[in-house]
Amino acid sequence: MAPLDSPPLPPARPGGPAGPTRAYASTRTRRHARAGGPLLQVDGVSIDYRTHERVVRATHRVSFDVHAGDRFVLLGASGCGKSTLLKAVAGFIAPSEGEIRLQGRTVTQPGPDRVVVFQEFDQLPPWKTVRENVAFPLLASRTCGRAEAAERAALYLEKVGLSRFADVHPHQLSGGMKQRVAIARALAMQPQVLLMDEPFAALDALTRRRMQEELLGLWDEFRFTLIFVTHSIEEALVVGNRIAILSPHPGRLRAEINSHAFGLHSLGGSAFQATARRIYGLLFEGQDTPSTEPAATPVPGSVEADAAALARGPRTAAGHGALPFRISV
Ligand SMILES: Nc1ncnc2c1ncn2[C@@H]1O[C@H](COP(=O)(O)OP(=O)(O)OP(=O)(O)O)[C@@H](O)[C@H]1O
Ligand SMILES: [Mg+2]
């Protein structure tokens, strides 16, 4: 069957209402926040993959803190260890060195307080309906009983604009809709930290832009804590309020940038571009902004694509000035 059209989301409500928002701030979280402690601490974390032949160091002594309500972005080139770090926060991989603490407690295993949304469209069990997909982790983790799981599934499907599709199966949805289901499923768990690993990277440019907008709308409403992995400078600036910049393999923390002032409204603006250039410099410290086009065609939305756009410079002939980051929408 052909994919169904993606329905638009209801408009975001800036400021965020009461109601479900409160569910994210458990008593323990509030106490911890009042005490001034970060929600999540990544403290000197190195992660190694051991194969028969060798040991691959994916990240080297990375440290950062994530506070409640942050939209914290991990940005770096392919292979720098972003997914590895996210998996370690999720509890799927143990650090070889250092520690990850959630509300002061060492992370040793996965838990319903950390939920991951992946890039792949096949993260939803195909034999379950959309509604069942959203309710399933709530039941499997015994987070709540059947009635509340059904209620939460209905609520979060409505929030991502998919109420009408609750009873269809994933293969009947477009890629963007599948990602919305994955987001609804994650939010329904009301995790302490929502982890997203390039969730929009496999989408077409326009859908990707729309999903960024919708994610920010959901954040406005629910104020969840997000760790978002991307290798697009533009996406990092749009989605994040703080950006951790990682060096190429093995990933080390190069810098942290405060990006709360940027959003979709700032695309193409001079401050946005200046920050993007600064980030590029930090990502490839010691390398100049390339003065020629790279030989290979870079993947749209990647660090490499952003670099190519920087190299091309202003497109004044087209009449829209220096907007290199528009190319990776
Ligand atoms: N299971 C594994 N076994 C061995 N090495 C691995 C494994 N998974 C990842 N690596 C290596 O660890 C490094 C970091 O990989 P990771 O997938 O975390 O990078 P990434 O920043 O997420 O890249 P991308 O942007 O391409 O997704 C890479 O050098 C990769 O080859
Ligand atoms: Mg990755």
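Helix α2 gives the most to the shell around ligand 1, supplying three residues. The model is a predicted one, in which local features need pLDDT of at least 70, side-chain atom pairs count only at pLDDT 80 or more, and totals for chains, interfaces and linings use all residues. Residues are numbered from 1 along each chain as its sequence is written, while chains are lettered from A and ligands numbered from 1 in the order in which they are written.

**Overall fold**

- The protein has nine helices and 10 strands; helices (H or I, at least four residues) and strands (E, at least two) are DSSP runs, numbered from the N terminus.
- Of the 329 residues in the protein, 40% are buried. A residue is buried if 20 or more other C-beta atoms lie within 10 Å of its own, exposed if 12 or fewer, and partly exposed in between, with C-beta atoms placed from the backbone.
- Among contacts with a separation of 6 or more, 70% join residues 24 or more positions apart; two residues are in contact if their C-beta atoms, placed from the backbone, lie within 7 Å.

**The shell around ligand 1**

- Ligand 1 is surrounded by 14 residues, and the closest are Tyr49, Ser78, Lys82, Ser83 and Thr84. A residue counts as near a molecule if its C-beta atom, placed from the backbone, lies within 6 Å of it.
- Strand β2 (55-66) and helix α2 (82-90) each supply at least two residues of this shell.
- By class, the shell holds four nonpolar, nine polar and one charged residue. Ala, Val, Leu, Ile, Met, Phe, Trp, Tyr, Cys and Pro count as nonpolar, Asp, Glu, Lys and Arg as charged, and the others, Gly among them, as polar.

**Backbone features**

- Most residues other than glycine have a negative phi, and most peptide bonds are trans.
- Arg61, in strand β2, is not a glycine but has a positive phi of about 45°. Arg61 counts as partly exposed because it has 15 C-beta neighbours inside 10 Å.
- Gln190 also has a positive phi of about 45° although it is not a glycine, and it is found in the loop between α5 (175-188) and β7 (193-197). Gln190 counts as buried because it has 24 C-beta neighbours inside 10 Å.
- Gln192 is placed in the loop between α5 and β7. Its C-alpha atom is separated by 9.3 Å from that of Leu40, 152 residues apart along the chain.
- The peptide bond from His249 to Pro250 is cis, with omega near -10°; Pro250 lies in the loop between β9 (242-246) and β10 (253-258).

**Helix packing**

- Helices α5 and α6 (residues 205-222) pack at an angle of about 20°, with their axes 11 Å apart. Axes are lines fitted to C-alpha atoms, for helices over the stretch in contact, and angles run from 0 to 180 degrees between N-to-C directions.
- That angle makes α5 roughly parallel to α6; angles under 35 degrees count as roughly parallel, over 145 as roughly antiparallel, 65 to 115 as roughly perpendicular and the rest as oblique.
- Gly176, Gln179 and Leu187 of α5 make the contact with Thr207, Met211, Leu218 and Phe222 of α6.
- Helices α3 (residues 130-140) and α4 (residues 146-159) pack at an angle of about 130°, with their axes 9 Å apart, and are therefore oblique to each other.
- The residues of the contact of α3 with α4 divide into 10 nonpolar, no polar and three charged.
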